[in-house]
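Subject: Structure handover

Hello,

Here is the structure you asked to take over. My notes follow below it.

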Amino acid sequence: MSAEEPNPAATPTPCVDTQGDGRWMSLHNRFVSDSKDKEPDVLFVGDSLVQLMHQFAIWRKLFSPLHTLNFGVGGDATQHVLWRLSNGELDNISPKVLLRGTNNHGHTAEQILGGILAIIQVIKNKLPHAHTLVLGLLPRGKMPNPLRERNANVNKLIQEAVSSLPHASFLDHCTHQFKILNGE
């Protein structure tokens with residue numbers, strides 16, 4: 001990618017309706033409506049991993065009491081999250097913390113980093129008092145493989161880039177989980 005070419009992972013883009021059922025736009029419209037009716041302290045934004053969290057007991061136990069909204073959409077990549085956040089999902093709420101996760105297939109680690117930094121900037125612009133917690137990308141497949149290596153590289157790049165931002169933090173939940181399991 002040359003300097004004059006736009007980063008596809010950092011360009012707000014609505015998701016293509018490949019299913020033909022309008023599901024993605026319907027979810028977006030529901031999130032915009034939820035943002036008008038509710039006052040969350042915590043907002044989760046991202047892909048299917050975020051979307052499915054509310055189905056588990058841990059969500060009801062830990063996150064529901066925090067006045068939490070879940071704006072996860074299966075299959076969303078950074079460019080889709082950027083489009084959603086730029087088109088109404090953050091307009092009527094002021095959560096204290098936003099947690100985000102997303103996936104990108106076919107993009108380089110640097111492009112994904114650019115998309116994540118663009119999401120952090122949109123959040124900062126729309127919600128200047130919120131803190132963004134960027135969750136590390138999960139490993140993919142068995143070791144070793146190119147996707148696992150790329151996600152590890154993305155996590156390293158994010159950690160470095162976010163370390164200087166006072167309004168954002170990085171949590172590599174894989175490393176954190178490993179430490180918990182090993183009693184560290």
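In which loop does Pro144 lie? Pro144 belongs to the loop between S4 and helix H6 (146–162). Please keep in mind that this is a predicted model, and that the notes below apply to that model.

Backbone points

The peptide bond that joins Met143 and Pro144 is cis, with omega about -25°. His67 sits in the loop between helix H3 (57–63) and strand S2 (68–72). Both points were noted because most residues other than glycine have a negative phi, and most peptide bonds are trans.

Overall layout

The protein chain holds 7 helices and 5 strands. In sequence order, the pattern is α-β-α-α-β-α-β-α-β-α-β-α. Of the 184 residues in the protein chain, 41% are buried. The chain exposes about 10,100 Å², and carbon and sulfur atoms supply 57% of that area. As for contacts between residues at least 6 apart in sequence, 81% of them join residues at least 24 apart.

Strands

Strand S1 (residues 42–46) is mostly covered, with 5 of its 5 residues buried. Val42, Phe44 and Gly46 point one way from S1, Leu43 and Val45 point the other way, and all are buried. S1 pairs with S2 in the parallel sense, over 5 bridges. Within that pairing, the bridge partner of Phe44 is Asn70 in S2.

Strand S5 (residues 168–171) has alternating side chains. S5 runs parallel to strand S4 (residues 131–135), and 4 bridges join the two. Ala168 in S5 stands opposite Thr132.

Helix H5

Helix H5 (residues 109–126) has 18 residues, so at 1.5 Å a residue it should span 26 Å. Its end C-alpha atoms are 26 Å apart, which agrees. The buried residues in H5 are Ala109, Gln111, Ile112, Leu113, Gly115, Ile116, Ile119, Ile120, Val122 and Ile123. When you read that list, bear in mind that an α-helix has 3.6 residues a turn, so residues three or four places apart point the same way.

Salt bridges

A search of the whole structure finds 7 salt bridges. Three of these are described here.

The side chains of Lys126 and Asp91 meet in a salt bridge at 2.8 Å, N to O. This pair links distant parts of the chain: Lys126 is in helix H5 and Asp91 is in the loop between H4 and S3, 35 residues apart. Lys126 is partly exposed because its relative accessible area is 32%, and Asp91 is partly exposed as well, with 47%.

Salt bridges that share partners also join Arg30, Asp34 and Lys38 into one network. Within it, the side chains of Asp34 and Lys38 meet at 3.5 Å, N to O. Is Asp34 buried or exposed? With a relative accessible area of 14%, Asp34 is buried, since the cut-off for buried is under 20%. Lys38 counts as partly exposed, at 39% relative accessibility.

The side chains of Arg23 and Asp21 form another salt bridge, at 2.5 Å, N to O. Arg23 is partly exposed at 47% relative accessibility, and Asp21 is partly exposed at 43%.

Asp91 has one further entry. The loop that holds Asp91 runs between helix H4 (78–89) and strand S3 (97–101). The C-alpha atoms of Asp91 and Ser35 are separated by 7.4 Å, although these residues are 56 residues apart along the chain.

Surface patch

Which residues make the nonpolar surface patch of about 380 Å²? Leu52, Phe56, Ile58 and Leu62 make it. Leu52 lies in helix H2 (residues 48–53). Leu52 is partly exposed, with a relative accessible area of 38%, so it passes the requirement of over 30% for patch residues.

Regards

Terms used: Residues are numbered from 1 along each chain as its sequence is written. This is a predicted model: local features need pLDDT of at least 70, side-chain atom pairs count only at pLDDT 80 or more; totals for chains, interfaces and linings use all residues. Side-chain values use heavy atoms; hydrogens and water are left out. Patches are made of residues with over 30% relative accessible area and no salt bridge: like charges are joined within 9 Å, nonpolar side chains (Val, Leu, Ile, Met, Phe, Trp, Tyr) within 5 Å. Accessible areas come from the Shrake-Rupley method with a 1.4 Å probe; for residues, only the protein chains shown count as cover. A salt bridge is a side-chain nitrogen of Lys or Arg within 4 Å of a carboxyl oxygen of Asp or Glu. Buried means under 20% relative accessible area, exposed over 50%, partly exposed in between (1.4 Å probe, protein chains only). Contact means heavy atoms within 4.5 Å. The expected span of a helix is 1.5 Å times one less than its number of residues. Two strands pair if DSSP finds at least two bridges between them.
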